[in-house]
Amino acid sequence: MVAGLLIVGPASGADDDIVFAAKLFTDLPNIGSVEISGTLTGDGIAHKNNTISISCYKDRRECYIASVEQIGHNQIGRLQSVAIYPITKWSADEVVAVQDIMDCTRTTIVLEHKSKTALYAREPINQTRPGCLAVDKKVYKWTIEDSPGWKKMFGKK
């Protein structure tokens, strides 16, 4: 699902970028949910103008991730199925969800309550397995921020 955002490739950045909404962090400790949405940013993002939503629920012990990106002039990519990541830690400080993809890549998402931020990291694992030899060996660490179009129109928060 989120793989489209993670493949290194060309990026938009023109004046005609679609304007995705600003970053939003919602923490509802009384009902056990936390969510962040915004633009996934950092090295290795194929489409810099994107939006992602991560919603985590304590009682379900799962985070649900959906994303979409601008793939060309006035063109949005396909909205894929929601990815579900199991929660490995839920505390007053943070929520951590981890998913191993095809046993070759591990994705870790950390939502921090106090700073209202998210770290989205991808790292290679099991690199000696034949099926994992072609996997990108670089470790990626991304954050969720305001979209490029939002920053251009309204400035930074």
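User: Where is confidence lowest and where is it highest?
Analyst: Helix H1 (residues 3-6) is lowest, with a mean of 49, and strand E6 (residues 83-90) is highest, at 98. Those labels are DSSP runs numbered from the N terminus: helices (H or I) have at least four residues and strands (E) at least two.

User: Where does pLDDT stay under 50?
Analyst: Over residues 6-13, for which the model still has 20 contacts beyond four places in sequence. Contact means heavy atoms within 4.5 Å. Where pLDDT is low, the predicted coordinates should not be read in detail.

User: Ok, back to the rings. How many aromatic pairs are there?
Analyst: The count comes to 4. One of them is tyrosine 57 with tyrosine 64: the ring centres are 5.8 Å apart and the planes sit at 55°, so the pair is tilted.

User: Tyrosine 57: buried, exposed or partly exposed?
Analyst: Partly exposed, with a relative accessible area of 27%. Buried means under 20%, exposed over 50%, and partly exposed is in between (1.4 Å probe, protein chains only).

User: And what about tyrosine 120 and tryptophan 142?
Analyst: They form a tilted pair too, 5.8 Å centre to centre with 50° between the planes. Tyrosine 120 is in strand E9 (residues 117-124) and tryptophan 142 in strand E10 (residues 140-145), 22 residues apart, and the pair links these distant parts of the chain. Tyrosine 120 counts as buried at 1%, and tryptophan 142 is buried at 0%.

User: New topic. How many residues does the largest nonpolar core have?
Analyst: It has 23, and Ile54, Cys56, Cys63, Tyr85, Val95, Leu111 and Tyr120 are those with the most contacts inside it. A nonpolar core is a set of buried Ala, Val, Leu, Ile, Met, Phe, Trp, Tyr and Cys residues joined through side-chain atoms within 4.5 Å.

User: Which element gives the largest share of this core?
Analyst: E6, with 4 residues.

User: Tell me about Cys56. Where is it found?
Analyst: Cysteine 56 is in strand E3, and it is buried at 1% relative accessible area. Its contacts, leaving out residues up to four places away in sequence, include Cys63, Trp90, Val95 and Leu111. The C-alpha atoms of cysteine 56 and valine 96 are separated by 9.3 Å, although these residues are 40 apart along the chain.

User: How many salt bridges does a search of the whole structure find?
Analyst: It finds 4. A salt bridge is a side-chain nitrogen of Lys or Arg within 4 Å of a carboxyl oxygen of Asp or Glu. One joins glutamate 94 and lysine 89, with the closest N and O atoms 2.9 Å apart. Another joins aspartate 100 and arginine 106, at 2.8 Å from N to O.

User: How far apart are the closest N and O atoms of arginine 122 and aspartate 136?
Analyst: They are 3.7 Å apart, in a salt bridge. Arginine 122 lies in strand E9 and aspartate 136 in the loop between E9 and E10, so the pair ties together parts that are 14 residues apart in sequence. Arginine 122 is buried at 14%, whereas aspartate 136 is partly exposed at 35%.

User: Last one: which strand does threonine 105 lie in?
Analyst: Strand E8. Threonine 105 counts as buried at 12% relative accessibility, and the residues it touches beyond four places in sequence include Asp100 and Arg122.

Notes
Residues are numbered from 1 along each chain as its sequence is written. This is a predicted model: local features need pLDDT of at least 70, side-chain atom pairs count only at pLDDT 80 or more; totals for chains, interfaces and linings use all residues. Side-chain values use heavy atoms; hydrogens and water are left out. pLDDT is the predictor's confidence in each residue, from 0 to 100. Rings of Phe, Tyr and Trp (its six-membered ring) pair if their centres lie within 6.5 Å; planes under 30 degrees apart count as stacked, over 60 as edge-to-face and the rest as tilted.
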